[in-house]
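Subject: Handover of a structure with its ligand

Dear colleague,

Please find below the structure that I am passing to you. I would be grateful if you would read the notes after it with the model open.

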Amino acid sequence: MISVVFVCLGNICRSPMAELIFSKLAAERAPQLALDITSRGTSDEEEDNPIYPPAAKVLREHGITGAHRARQLTKREVVNADYVLVMDSSNLFDVLRLTGGMFSDKVFKLCSFTSRPRDVADPWYTRDFEGAYRDILDGCEGFLRYLLNRYGNK
Ligand code: 4NP
């Protein structure tokens, strides 16, 4: 089992979008991979809240739905994960602060798996939920390509 945790700040916009987008892509394109896919926030600000409605709306417009409640990331979850995929540099800093700098070898920015490494800007502030969707989809496609190369593309 390959365990993947997507991480953003609040766990109500970007990381749940990534969880649902990646789950759909993986089910469609890589059913042979045994994946455990979840998402977390570095903050507890939104604990237990559902996906932010504008983020859920963009997902729905792209044919993606799913249940979600926000949860804060714990150090144990980083220890147990194979891949911790953060959305931006601030998330990366916060995850490494949580671990005391350990496990940096499994923490990646999602869009580092694309031909154009970049942050996924926070749509909570930019209000550009479609742009976030496109960046996250690009990152998820790149990450899935990486997994298929590494773990077998049958
Ligand atoms: P996310 O967006 O990190 O993509 O889930 C945010 C959601 C909520 C807050 C910040 C960012 N907030 O400050 O409550």
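The notes that follow concern the ligand and its surroundings, and then the salt bridges.

Please bear in mind that this is a predicted model.

The ligand site

The space that the ligand takes up is the largest pocket. Around the ligand stand Cys8, Leu9, Gly10, Asn11, Ile12, Cys13, Arg14, Glu45, Glu46, Asp122, Trp124 and Tyr125.

For cysteine 13, a polar backbone atom is 2.9 Å from a ligand oxygen. For arginine 14, a polar side-chain atom lies 2.8 Å from an oxygen atom of the ligand. In the case of glutamate 46, an N or O atom of the side chain is 2.8 Å from a ligand oxygen. The ligand taken alone exposes 360 Å², of which the protein buries 92%.

Salt bridges

The count of salt bridges comes to 13. One of these joins lysine 24 and glutamate 28, whose closest N and O atoms are 3.3 Å apart. Both residues belong to helix H1 (residues 14-29), and because they are four residues apart there, about one helical turn separates lysine 24 from glutamate 28.

With kind regards

Definitions and conventions
Residues numbered from 1 in each chain as written. Predicted model: local features only at pLDDT ≥ 70, side-chain atom pairs only at ≥ 80, totals over all residues. Heavy atoms only, no water. Near = heavy atom within 4 Å. Polar contact = N/O pair within 3.5 Å; in protein donor to acceptor, adjacent residues only side chain to side chain. Areas by Shrake-Rupley, 256 points an atom, 1.4 Å probe, with all protein chains shown as cover. 1 Å grid on protein atoms, 1.4 Å probe; cavity = no way out; pocket = protein on both sides within 12 Å on 5 of 7 lines; lining within 4 Å. Sits in = over half its atoms within 2 Å of the grid points. Salt bridge = Lys/Arg side-chain N within 4 Å of Asp/Glu carboxyl O. Helix = DSSP H or I, 4+ residues; strand = E, 2+ residues; numbered from the N terminus.
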